[in-house]
Amino acid sequence: MKEAIRLLIVAVMMLNVSLNVNAQFKKKENNRVPDRFHMGIRGGYSQSTGDVSSIGFPHGGIGVDFQVAPIPLFLETGLYYMNKGQIDWDGEDEDHLGYVPLLMSYHINLAPNLFLQPFAGGIAGYLGTTENFEAAVRVGLGFNFGRLYANTGFDLGLIEHEKYNNRWTNYTAFVTIGFNWAGSR
């Protein structure tokens, strides 16, 4: 019990020191703090992999993120359209997905106007062709340079689908580029 209390005290002290150092680091003029809110349009390319034949599609939507902590930790969401590959009775086909992501990202300042944004979370949506619910774990890495935004990532499907005695899980790699009309860094 005493060891656990000591470890907790050390952890709290280290967290306090790191937050103080982070606050001092942000005060330097050559490092910028990211805007607390961003909104913009996104578009890109997605490639279904895994249990289905590899099928590529365009995707897009509107993305929003806002800061949720004193450190540059952001909650990302939006409304998007993406196609997911599926096995159909006549071979390859597509499945139209309208989805909402719920992601956490940390904005790391690399240069005066460049931020690296690792993110992780989940997506949930509705597959229009097979009329099924879809959910996935999403991981990836984003880049923000001024108003320009880009990211790449991967969706790990959580739901097994079935149609015409075929079963599959959707796994999708994606690359996105976009423009923020609200928030510039």
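Which residues make a nonpolar surface patch of about 620 Å²? Select Ile41, Ile62, Phe145, Leu148, Phe179 and Trp181, and you have that patch in view. Patch members have over 30% relative accessible area and no salt bridge, with nonpolar side chains (Val, Leu, Ile, Met, Phe, Trp, Tyr) joined within 5 Å. A salt bridge puts a side-chain nitrogen of Lys or Arg within 4 Å of a carboxyl oxygen of Asp or Glu, and areas come from the Shrake-Rupley method with a 1.4 Å probe.

This is a predicted model, where local features need pLDDT of at least 70 and side-chain atom pairs count only at pLDDT 80 or more, while totals for chains, interfaces and linings use all residues. Residues are numbered from 1 along each chain, and side-chain values use heavy atoms, leaving out hydrogens and water.

Stay with phenylalanine 145, in strand β7 (residues 132-145). Strands are DSSP runs (E, at least two residues) numbered from the N terminus. Phenylalanine 145 counts as exposed because its relative accessibility is 52%; exposed means over 50%, and buried under 20%.

Next, select tyrosine 80 and tyrosine 99, an aromatic pair that is stacked, 5.5 Å centre to centre with 15° between the planes. Rings pair if their centres lie within 6.5 Å, and planes under 30 degrees apart count as stacked. Tyrosine 80 is in strand β3 (residues 73-88) and tyrosine 99 in strand β4 (residues 91-106). Both tyrosines are buried.

Now pick arginine 42, which lies over the face of tyrosine 149, 4.2 Å from the ring centre. A charge sits over a ring if NZ of Lys or CZ of Arg is within 6 Å of the ring centre and within 35 degrees of the ring normal.

Note on methods. Phe/Tyr/Trp six-rings, centres within 6.5 Å; stacked < 30°, edge-to-face > 60°. Helix = DSSP H or I, 4+ residues; strand = E, 2+ residues; numbered from the N terminus. Buried < 20%, exposed > 50% of the residue type's maximum accessible area, 1.4 Å probe, protein only. Patch = residues over 30% accessible without salt bridge, like charges linked within 9 Å, V, L, I, M, F, W, Y side chains within 5 Å.
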